[in-house]
Amino acid sequence: MKVLIGLLFFSVCAPCLSQHQDKVDFMRGEIFIDPDPGQKSIHGSVAYTFSILQDVDSVFLDAQNMNFSRVLLNRKSTKFVNSGHRVSIANNFKAGKKYRLELTYTCTPKQTVYFLGWDDAIPNNEQIWTQGQGKYTSHWLPSFDAMEEKVEFDMAIRFDTTYEVIANGKREAVKKASDDRKTWYFDMDHPMSSYLLAFAIGRYDYQELVSKRGTPIKNYYYPEDSLRVEPTYRHTKTIFDFLEDEIGVPYPWQNYKQIPVRDFLYAGMENTGATIFSDGYVIDSTAFVDKNYINVNAHELAHQWFGNLVTEKDGNHHWLHEGFATYYAYLAEKELFGDEHFYWKLFGALSQLREVAAQGDGQSLLDPKASSLTFYEKGAWALFMLRERIGDKAFKKGIQKYLHTFQFENVIVSDFLGEMEKASGSDLTDFRKDWLESTELPFHRAQQTLARHSPSLRLLFEMRTDLQNSKTDSIDFARYWNASPSVHLKKYILQNHQRALSDETIQKAFASDTVPIRQALAATNEIKQYPKEAYESLLNDPSYITIETALFKLWQTYPKDRRKYLNATRTIIGLPNKNVRLLWLLLAIVTEDYEPQNSEQYFEELTQYTSERYSWKTRMAAFQYAGEIGFTDEALTHLIRAANHHAWQFRKFAREQLDRVLKDPEYKKLIEKVGRKLKGKDLRYVNSVLN
């Protein structure tokens, strides 16, 4: 089947622009870009090769707020219309002929390309990276917003020689430019949707791996994070090899790269052959048990098949991306951590879905406006139950046939179900109705399936029934605790029934060296029910979450020992968001007579963590703690700037914080004062909130 791209009959009538989208085959795009970090702009050119399937009189490309200095058709200057959203070229295009369209342009993207660290004095902090998921690549490249438009893209990027430049495809060459810069050349072998185009520029080293079948894998990292490479990318090769074997279709691209970036908008993004992810997942070995990259690693890699190789036609079929990537990431975790981990993960997702359904908010998997919980978790459950229904052999056969049949094409849900019906010889009409179309979920059937596979979940469901039938709401939890070695079951009992547990069971829990069990102990609201010395031992655990929780609860519960607890944790930083250090600073500042000579220094350090030097998640926590003891002029300046941050979650948080602060007349005066020193969009924003 041809790879088709949108075509239109040229007209001044805007509604006509979306017609006739099946008459042109855009085959190749040759991209050159020259990013200008000083102006946060892109100077670029692109040459498209396309053939005509039926006579048409114009073609278009999506192009957001671009200025075109030159447009050539078959190397001759041609007229064009630039609407600000599309560039259209009118011509008598004849069926059976090939054409070459070249465009030279400049743009200053308001989104999709992010220039970080170029306008501050922080050394080695500069990055440029893209996030084009959906239909946003047209903010930096004349391209195609529709997912159906698949093109083989090659890219060349010119930039400063002191940086590493990374993009989709195989790096073919790096050549010295005439102005003491370099040009990096990247080649793709196969077509892909425009939204999967990506590049990243920064200061990186990399780790090289090779998959079992010979695919090169490069794991990038900041030079100062060399000791974090192993825990961050732990099991990457195992995950890669497992997914190739489990899916049964070779990895479809030339190589695979993983690139951490600052202040990424999400956990990760599966650009073709080049996953970009949040550097909040760059961790040490202790953080691995609290928050590791395993699931994101496997999820984005699974997308290389489900989403990149075979792509949904539109949002009505989004399950074919996110449900599949979530399910295969679960399977990868099962391979690494065992069956119990897998089934309890499914149980956790089922519990979330049940809670949403109880509130009357259940959604269909075919609803393009469904939540992430629906697409990801309900989607994974649908695949799990489909596999239960038709069996492993038919499931794998159907998956392989689906990927082979529709490779480098676009699909709808019926295409997938059709292949699974052929592979299994089953009519899946009822499956589609129950798991895809319905806003409800067959919870009872799902729970029965879990109980059949997992002895510890079977025990859990028995315990729940026992509780429901108990007139006193008291049962023998020790029986369930002792009946299974499952860490997951014990953690569940601790989280939900701590007050009802015997001293003997609590002693067994404290005697455990298992992080999830001890984290559940740390989270109790009444730590005086535990032996003090036993609870204090949690401060020595190899878990930053356990230490953070235990430090606060001990500080709160035993005021006379606050100095001891602060001294015991004074050198611990914690997760990438500095969870332990930020809490420690707050407690050190507010603890009476604790190092008063250092209070100002601690206050300055806490304020420093609100600055652009740190990730938005670190800054968010720092703002929350700083708000407890009072904002300085510097912190207020940082908060105003955060109100224009590119990450919507952080921007929303900062604006809500400012709204609260402005209710205080003294703070309002301070904001008026610091606002006079601001410029550009920061000044405009502070003026708007001050009216």
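Author: Let's start at Thr215. If you skip the neighbours within four places in sequence, Thr215 is in contact with Leu209, Val210, Phe240, Tyr251, Gln254, Asn255 and Tyr256, where contact means heavy atoms within 4.5 Å. Before going on, bear in mind that this is a predicted model, so local features need pLDDT of at least 70 and side-chain atom pairs count only at pLDDT 80 or more, while totals for chains, interfaces and linings use all residues. Residues are numbered from 1 along each chain as its sequence is written, and side-chain values use heavy atoms, with hydrogens and water left out.

So where does Thr215 sit? It is in the loop between strand 17 (205-210) and strand 18 (216-221); helices (H or I, at least four residues) and strands (E, at least two) are DSSP runs, numbered from the N terminus. Thr215 counts as buried because its relative accessibility is 9%. The cut-offs are these: buried is under 20% relative accessible area, exposed is over 50%, and partly exposed is in between, using a 1.4 Å probe and protein chains only.

A search of the whole structure turns up 57 aromatic pairs. Tyr251 and Trp305 make one that is edge-to-face, at 5.8 Å centre to centre with 80° between the planes. Tyr251 is in the loop between helix 2 (236-247) and strand 19 (256-261), and Trp305 is in the loop between helix 4 (294-302) and strand 22 (310-312), so this pair ties together parts 54 residues apart in sequence. For the wording, rings of Phe, Tyr and Trp (its six-membered ring) pair if their centres lie within 6.5 Å; planes under 30 degrees apart are stacked, over 60 edge-to-face, and the rest tilted. Both Tyr251 and Trp305 are buried.

There is a cluster of rings too: ring pairs link Phe306, Trp319, Phe324, Tyr327, Tyr328, Phe395, Tyr402, Phe406 and Phe416. Rings can also have a charge over them, which here means NZ of Lys or CZ of Arg within 6 Å of the ring centre and within 35 degrees of the ring normal. Arg234 lies over the face of Phe288, 4.3 Å from the ring centre, and Lys291 lies over the face of Tyr281, at 4.8 Å.

Strand 19 gives us the next step. Asp263 is in the loop between strand 19 and strand 20 (268-269), and its 5% relative accessibility is why it counts as buried. Its phi is near 50°, a positive value in a residue other than glycine. That is worth a second look because most residues other than glycine have a negative phi. Arg75 also has a positive phi, of about 70°, although it is not a glycine. Arg75 lies in the loop between strand 4 (66-73) and strand 5 (76-77), and it is exposed, with a relative accessible area of 58%.

Ser77 lies in strand 5 and counts as exposed at 68% relative accessibility. Not counting residues up to four places away in sequence, Ser77 touches Val71 and Leu72.

Now for Tyr114, in strand 9 (residues 113-116). Tyr114 counts as buried at 11% relative accessibility. Leaving out residues up to four places away in sequence, Tyr114 touches Gln127, Ile128, Trp129, Gln131, Leu265 and His646.

Last, a pair of helices. Helix 23 (residues 633-642) and helix 25 (residues 665-675) pack at an angle of about 75°, with their axes 10 Å apart. That makes helix 23 roughly perpendicular to helix 25. Axes are lines fitted to C-alpha atoms, for helices over the stretch in contact, and angles run from 0 to 180 degrees between N-to-C directions; under 35 degrees is roughly parallel, over 145 roughly antiparallel, 65 to 115 roughly perpendicular, and the rest oblique. Asp633, Leu636, Thr637 and Ile640 in helix 23 meet Tyr667, Leu670, Ile671, Lys673 and Val674 in helix 25. Helix 23 is mostly covered, with 7 of its 10 residues buried: Ala635, Leu636, Thr637, His638, Leu639, Ile640 and Ala642. Those buried residues pack against helix 21 (599-608), helix 22 (616-629), helix 24 (648-661), helix 25 and helix 26 (680-689).
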